[in-house]
Amino acid sequence: MESSLNLTMRHWKSMDDLRYCVSAKKTYRLFFVISAIIFFIMAICCVVLSVGKCKTFYNYIAVILAVAFFIFCGCMGICSAAKRAEVYKGSILYYNVFRKKEYRLSDIRGSRTKEESYKVYSGDGIPASGWDVVTTFYDASGKKVFRFGLAYNNVERLKKDIENTQKSIARNRKSRKGC
């Protein structure tokens, strides 16, 4: 009993250290999960309704490719819903579906925000376009660490924290050189 109380106390203490979380907005998270479930159901229906009716090898290949496509789209929905970054005092925990990585705020050197546009073609061949404002965060070597779009909360706050951390590091370097 005492150990579970200690675990609860540690959990609440770590929650007190949590400043904010960069994660998908609730409506987008709900959309990602629902679309993933629909794609997984479509994959199951494709297998159940099509495999028994396949007469040639090419039919099996077509069914397998369709199932793989639906599973891939479902996994992308789950990945988008689960992606987040928790900002604690001086560190960032970045969660993706399969990995968890910790960065210090000082490890991330900068960020770049740009508007990305893309074209989408409907089944009728009518082109449509979309856009998203994506913020990409980089480490000291210029390698992309993580990126978030408009569907995520607190991206601007994280960007400001990183800028302020880099400014304070630069100020500390200048004050050390001056001594």
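**Entry 1: a tyrosine to start with**

I looked up Y60 and found it partly exposed, because its relative accessibility is 36% (buried means under 20% relative accessible area, exposed over 50%, partly exposed in between, with a 1.4 Å probe and protein chains only). Y60 sits in helix 3. I note that this is a predicted model, where local features need pLDDT of at least 70, side-chain atom pairs count only at pLDDT 80 or more, and totals for chains, interfaces and linings use all residues. Residues are numbered from 1 along each chain as its sequence is written, and side-chain values use heavy atoms, with hydrogens and water left out.

**Entry 2: the chain**

I find four helices and seven strands (DSSP runs numbered from the N terminus: helices are H or I with at least four residues, strands E with at least two). The order from the N terminus is α-β-α-α-β-β-β-β-β-β-α. Of the 179 residues, 28% are buried.

**Entry 3: the nonpolar patch**

Helix 2 (26-50) gives the most to the patch, with four residues.

**Entry 4: salt bridges**

I find three salt bridges (a side-chain nitrogen of Lys or Arg within 4 Å of a carboxyl oxygen of Asp or Glu). One joins D161 and R19, at 3.2 Å from N to O. D161 is in helix 4 (residues 155-178) and R19 in the loop between helix 1 (2-17) and strand 1 (20-23), so the bridge ties together parts 142 residues apart in sequence. D161 is buried at 13% relative accessible area, while R19 is partly exposed at 39%. R84 pairs with E86, the closest N and O atoms being 3.2 Å apart; R84 is partly exposed at 28% and E86 buried at 12%. D107 forms a salt bridge with R104, again with 3.2 Å between the closest N and O atoms.
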